[in-house]
Amino acid sequence: MLSLTNLKVKVGEKVIINNVNFNFEKGKVYALMGPNGSGKSTLALTIMGHPQYQIENGKIEMEGVEINNLSADKRAQLGLFLSFQTPIAVSGVNVFQLLRLALSGKKDPLEIKKEIEKYASVLKIPNELINRSLNEGASGGEKKKLEVLQAAVLEPKFLIFDEVDTGVDVDAMKVIAQFIKKHKKDKTYLLITHYNRILRYIKPDKVLIMIDGEIVKVGDYKLAYQIEKKGYEKLCI
Amino acid sequence: MKNYVYKSEKGLSEKVINNISSLKGEPLWMREFRLKSYAIFKRKPLPDWGTDLSKVNFDDIYYYIKPTERQVSTWNDLPKEIKETYDKIGIPEAERKFLAGVSAQYESEVVYESIKKELQSQGVIFCDMDTALRKYESIFKQYFSTVVPAHDNKFAALNSAVWSGGSFVYVPKGVKVNLPLQAYFRINAEQFGQFERTLIIAEEDSFVHYVEGCTAPIYSTSSLHAAVVEIIVKKNARVRYTTVQNWSKNVYNLVTKRARVEEEAVMEWVDGNLGSSVTMKYPSCYLVGRKARGEVLSIAFAGQGQHQDAGAKMIHLAPETSSRIISKSISKDGGRTSYRGLVQVAPGAKNCSVYVSCDALIIDEESRSDTYPVMKIKEQDVNIQHEATVEKLGEEKLFYLTSRGIKKSEAEGLLVNGFIDPIAKEIPLEYAIELNRLINLEMSGSVG
């Protein structure tokens, strides 16, 4: 589905990601864990095509096509999606305007409107948040739910959730987790977390541990519990 | 398009002015007013502040062009060429939809006009200025040039000397006009300055919304647009004046807009400035009666080679008056926007409140935005708030939107439209859509 080969990423002069190799398979759920500053968000933003992160070496392939030089909008059109760790507020633009433009020629605006309403009710997002400027005046949990809602309407193939479980209360997290489970089918998920809170609700097929920009360990879901007990350092040294 | 019935010689002289007045068959007082204004125009220097007007060549402009012989009252009577021009702007369709009346200006003469019967039965007068001067001379003379005298500024003097066309609106006491009155303007002859003049009188307890939208084709030589708008808002009346203008990129757009606002009356200017090479426009409210209220909502967009110098003037001359100025400007590709505002509170105008907010959005490093707010407050009991922000189009916001599959240029358009959204909401829907579309075109670089 998505593969990373010898990936090395720099911001300015600083190397953040080094020598990452991994192949994400279709229909599976992956958890990416690691301490703060280990490069998890950088990896997510690099896959999505943030202009600040330069690929120094290696390649990213989506279904066999190299996407290193594609802009973020083209990557999204190929089926990539990133749920941001801290979604930014966009004044004067509501979620419908955004999705209508993103899906122009693909989905009928009326259909988009219906889906937004449907998913907002499933995710328990208050109506005024749907009509208001995106993420403006929304709580941490509400912002994360709005990210999930966008994912649901956009129907991407490869979804990265960057700390979807932080700043979210237990109820909201359950709702988000249930929602992700329900919409698994043919999709591939990469859940970035450093608590593993969300992993109590969604059992990952594989857990990847990242430290200092490298993937140092890969295991099954039990690895997440070991980390909770022992911490990263003991486990990985 | 050379079917002009009459075209004055280039440049300005007493002879040209006398000719205009004779052709229009005006009363002597108007001819004298024009000649006196011309003398003021010659005396007044160009403003030495604001924008660069040194390239305006007053001798290289036709001051009067009369396109057709007579006024026509139905669409079918219009000459074919004019009809085609209007078809491109879409007037008849717009009219079918919900216009209360159309007074469309083709060059300097109003050639097409239709007033809905309902308006007539209410006693509302909506016609072109020349007709108003002929048919309603006493009302016309009572108010004409009382809010914008010829000596207001050099371009007001020029307009006073050579004005032609524009709308006259009279709303009787207690009458509320439910649908917006609209006029379409279009400069269509090369090097032809358009000097329309609009006069609106809203009697006590009345309401009217007047909308002007402008589009102009692109020419290689400079064109001058120096209009005057005068509005009298009587006690407890409300007038809203909406402009969405998109002059071609070589037009000097120098417009004087003033309103006199009496006791408990409300004046609202909604002003969208796109296009033109240079715009200087500062809609004003003279708040002369107790509890009078004035509002200016202004949007300016400056692209390559453009300077939008726009703002507002609020003159508080009575107690408990209030004013609100909200300005949003966008500059791109080396364009320049300036907010220029004056708020004045006279001695004795107690318990006034003033709110000024100006936000500038700068799209790239080459572009520029300046703010020149002036406050002259001669009274202690005043509540004043002033807010100003300057922001750059954020890379993070752009990344967020593009990561959803939206092209960068479209994402920029979305952000710019989001930025002006609080003002766009105040504009009638069809104009808001047009504004939205124009901004998207500007952002994607497909209009030059």
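Across the interface of chain B and chain A there is one salt bridge, a term that requires a side-chain nitrogen of Lys or Arg within 4 Å of a carboxyl oxygen of Asp or Glu. The side chains of Glu147(A) and Arg404(B) form this bridge, at 2.8 Å from N to O. On the side of chain B that touches chain A, α9(B) contributes the largest share, seven residues; helices are DSSP runs of H or I with at least four residues, strands runs of E with at least two, numbered from the N terminus.

The model is predicted: local features need pLDDT of at least 70 and side-chain atom pairs pLDDT 80 or more, whereas totals for chains, interfaces and linings use all residues. Residues are numbered from 1 along each chain as its sequence is written, chains are lettered from A and ligands numbered from 1 in the order written, and side-chain values use heavy atoms, without hydrogens and water.

In contact (heavy atoms within 4.5 Å) are 18 residues of chain B and 29 residues of chain A.

| Charge | Ring | Distance to ring centre |
|---|---|---|
| Lys154(B) | Phe41(B) | 4.2 Å |
| Lys154(B) | Phe58(B) | 5.9 Å |

Trp49(B) is partly exposed, with a relative accessible area of 40%, whereas Tyr282(B) is buried at 13%; buried means under 20%, exposed over 50% and partly exposed in between, with a 1.4 Å probe and protein chains only.

How values were computed:
A charge sits over a ring if NZ of Lys or CZ of Arg is within 6 Å of the ring centre and within 35 degrees of the ring normal.
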